[in-house]
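Hello,

Here is the structure I promised to pass on. Have a look at it first, and then read my notes below.

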Amino acid sequence: MKKAFVVVMIALLLLPALFAGGKAEADAAKTVRVFGAFVDEEARRFEEAIKPFEERTGIKVIYEGSKDFETLIEVRVSGGNAPDIAGLPQPGLMNTFAKQGVLVPVWSKLEGLLNSNYAPVWKDLGSYGGTTYGVFHRVNAKSFVWYPKKAWDKAGYKVPTTWDELMRLQDQMVRDGVRPWAIGIEAGGATGWVGTDWVEDIMLRTAGPDVYDKWVSNELPFDAPEVKKAFDILEGIWLNDSYVYGGKNTILTSSFGDSVSPLFDNPPKAMMHRQGNFITGFFPDDIQANLEEEVGVFALPAIDPAFGIPVLGGGDQFVVFNDRPEVREFMEYLATWESGELWAKAGGALFPYLNQDLNAYPNAIERSLAEALVNAKVFRFDASDLMPAEVGAGTFWTGIVDWVNGRSTNQVLADIQKSWPR
Amino acid sequence: MKKVDESGSNSLISTSAVAFGRVAISILIPLIAFVVLWGGFIFLRDSNASQGVIAVVAIIWGVGGIALLFWVADYIVNKAPLNVAQKLQPFVFVGPALVILTWYLFLPTMRSLYLSFFDASSKNFVGLANYIYAFTDSKMLEAFGNNLLWIVLGTGGSVGFGLIIALLADRSNFEKVFKSIIFTPMAISFVGAGVIWRFIYAYKPMGEDQVGLLNAIVTFFGAEPKAWFTLQPWNNIFLVIILIWLQTGYAMVIISAALKGVPSAIIEAGRIDGASEFRVIRSIIIPYIFSTIVTVSTTIIILSLKIFDIVFTMTNGNYGTEVIASMQYKQMFRFYNYGRGSAIAIVLVIAVIPVMWYNLHQFRKREVF
Amino acid sequence: MIQAKRFNWKILVNIVLIAIVIIWAIPIIGLFISSFRTQSEVLNSGWWTIFKGKGKLTLDNYKRVLGGSAYTFIDSAGKTVRASGDNLSRAFINSFTVTIPSVVIPLLIASAAAFGFAWMEFPGRKFFFTAVVALLVVPLQIALIPILRDYQKLGLTGSYLGVWLAHTGFGLPLGVYLLYNYISTIPKDIFESAFLDGARPMVVFALLVLPLSVPAIASLAIFQFLWVWNDLLVALIFLGGTSEVAVLTQRLANMVGSRGQDWHLLTSGAFIVMVVPLVVFFSLQRYFVQGLMAGSVKG
């Protein structure tokens, strides 16, 4: 009885051996695998934007996106399973991989495209040690203040063009019984980054781009007077309870995306929100449907007129891990406006190409943001994305949280400076 | 008569035939088993048959194949002379587990140990520098203290509630329903748990409608709403509550199974002797299931040492809630500092030594053949 | 008199249990109700206001999660297209394909090992057992890179087999430890009667220990199922994240959008993911509850 059972089992198990053909046939078409951090609707729009390339060349591009990009990319690269191309959200990440020697530098044809289609700053941001690796695609601009148009019109507020006007507007709003600002910095494992953006904007306006660059490289220590000055200015807004909806507790506990919603209450509970262009995706659906009528946006005014209004921004750069002809072809496509056009048309994405058609953007707001970005006299990349991760994704973020929660400016700045890796 | 004749004249041939047959079978069976298992392996790895087929084959291969492996290993071992067989027997049982554990966990741990003596990019030897960091950095020290809190409160709470609920449910009419509800949080992933408890701890300014249950209750009684996670040091306790909520079901299930195994005879004996219910529980039942309580506590202690998702998603370690596993993740996957990340992982292994020692102590007391 | 005492106990026990269970269930009820509300309502009022009759309920969250995210994009003809992402059926199948073998394979290996540790003498027994307990604390992240490298050499990356073996490896410490605890408490006399009959250890294991350990094996099955079903990282690394092979947890995680703007989908998503493990729990429940010692001493 038992022997029969064993025989039957062996027979059953022999069945798969019959199926054990060979490996799945190699893909007939050439394939390029791209891995990035954007998912969901944005991934879909990216796939749509690159369809013209696929139809033209017959090369199949498979995009995989993941919210856990920061963990996955490192494991896959170190584990020997790197994608052909990856879209890196921070230049610091590109530096890390370049240092490891796993990136393929741009080749002459691609370099030519970079030189003709982009402002020089984008090539610099994609370079490490004098060699260029990255091709920028979708970018974002950050130094903007959003406001509910209809409520402003009703209250008679005017868009401030200088810092003094902004400060006066704040006080006016308080007198009218509403809070000027809606601010929230909660973001799970990235809580605090909103504060870093504010500090960076203020630094650019009070210390200027050259000092900003020194700050990024730590040539200017983090606890230098220039940085302290920026924090003091921030303190004047953030830590003044009458200026911020819900006070410091709301700043700490409100998630960055939800924090804009008080602007669209009826009546609004706050009147201004400083954030990058992606925030439009967080507006209530009915607001998003009527963006131009409901929402206004202005650039954060200059503080020191000498430094004007610089633009702070960020962006994804595509880098190559595996060099193959079809991979090269796709990268060259990414360096052209065509690869972003359909995404720009769908909304929520800005692109840096010099020869882009501004009319592609779906509304006046995005058009003005794109214009500001492309024509910026001074453009700087988000500092916390440039600094070493221990600071930019570490102590700078947690420092902001501690600072809002009551820690002294000097203490916070000293801690951050101490944490800078030697 | 004919039979005797036949067997007599054919005896030499038949004996050697039988002997040959035996040897052949001894070789053939393991060989066939090997082919079968290898074939299954290749099929599962390479085939592009429909997913349903692959899944079914996997289950058959998993159960049958592993069973076959054990049976064949046992078969081979038993062919050996008796004293050799006896020595090899246990390894038939523990062998596969040990091999897999070595490959998947033990060797990577050794690799981490090795990397922990090097710098961030694993190029330069730095000796004990990473360990000095791990034991002197202020955030790490904060994490040690917090993990201790997690261990004590988290384990005490989960096991305590698990035990109480198991005991109560055992004596109730609606045992299955109650146990199922207590168990349900376990079925929720940490991500889901994060969303749920957001609705408990959420904060809205005074005067607004509260969205979080706790603040709704607090404001109902006229007090100001609180940003619970920012209040030190209580915020750690608020986080541990989430763990207790999640893990009590686990403790309850295991303790409950153990409770069912307590012989009713000795319980009745205690009751007949006039002992109160509490006495029976304290002096008869609990000692009987003590080893289970140790096991459950050990696993929850270790979970508390490794606690990550709850802290990372709810506070990111801010407001004084940092824990060791969160530091390890940040060093390893955010700052790409392999040296420190590996050192912290090894520190976790070191931290579990007292638990190991206690379990070893229990282990020695067990009977063995 | 004794009858009256017993009767009081039961009522008290039930009352206390009901109280505990209600407190336990409140967070889940909160999530459940929230999953039927729109995002703006969730942001502005508590879920309990439903009981006062305020606010509307909607099935939108469930529709979006089950039917796939709603996208709008511009196609190459310049038209705005409103489309749906893939629904979750593929992800469900993928999750099952990953989970079931990842539960079944470690169960067998762990029970055999637990039996060996519990009832057999061999050199290094104490050392290996202590090592197994120590491995419980190892964070599996440190194994990801070395194992991925090994898989690349073996060609296992992106295969279901690779992820089954990985889950087996990561789940074995707990499995061996829990089953060891259970198997070592089986009374010695049960084995002695078997050995008197001349049975070999493998036979004793297969025909005696396994059936007796059903409550523990069932418990372990549900824990391993839960852990693998809710896992995200291991599947992403060893199997991949493209739409063909993505598991349920991955699809849900991505559905909240690149910056988490659709987090309200997590409310319904959490329940959808939760349904299957709960069904498994209910069907395995009777195995935990069964009394085990009755009748086995006779053997």
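This is a predicted model: local features need pLDDT of at least 70, side-chain atom pairs count only at pLDDT 80 or more; totals for chains, interfaces and linings use all residues.

Residues are numbered from 1 along each chain as its sequence is written, chains are lettered from A and ligands numbered from 1 in the order in which they are written, and side-chain values use heavy atoms, without hydrogens and water.

Chain A splits into domain 1 (29–141 + 313–380) and domain 2 (144–311 + 384–419), with bounds from an automatic or database domain assignment. Their centres, taken over C-alpha atoms, lie 28 Å apart. Domain 1 of chain A brings 21 residues to the contact and domain 2 of chain A brings 17 (heavy atoms within 4.5 Å).

About 1,700 Å² is buried between the two domains, 66% of it from carbon and sulfur atoms (accessible area, 1.4 Å probe, lost on being put together and summed over both parts).

One salt bridge crosses this interface (a side-chain nitrogen of Lys or Arg within 4 Å of a carboxyl oxygen of Asp or Glu). A:Asp213 and A:Arg380 form a salt bridge through their side chains, at 2.9 Å from N to O.

On the side of domain 1 of chain A that touches domain 2 of chain A, α18(A) gives the largest share, five residues (helices are DSSP runs of H or I, at least four residues, numbered from the N terminus).

Best wishes

Definitions and conventions: Helices (H or I, at least four residues) and strands (E, at least two) are DSSP runs, numbered from the N terminus.
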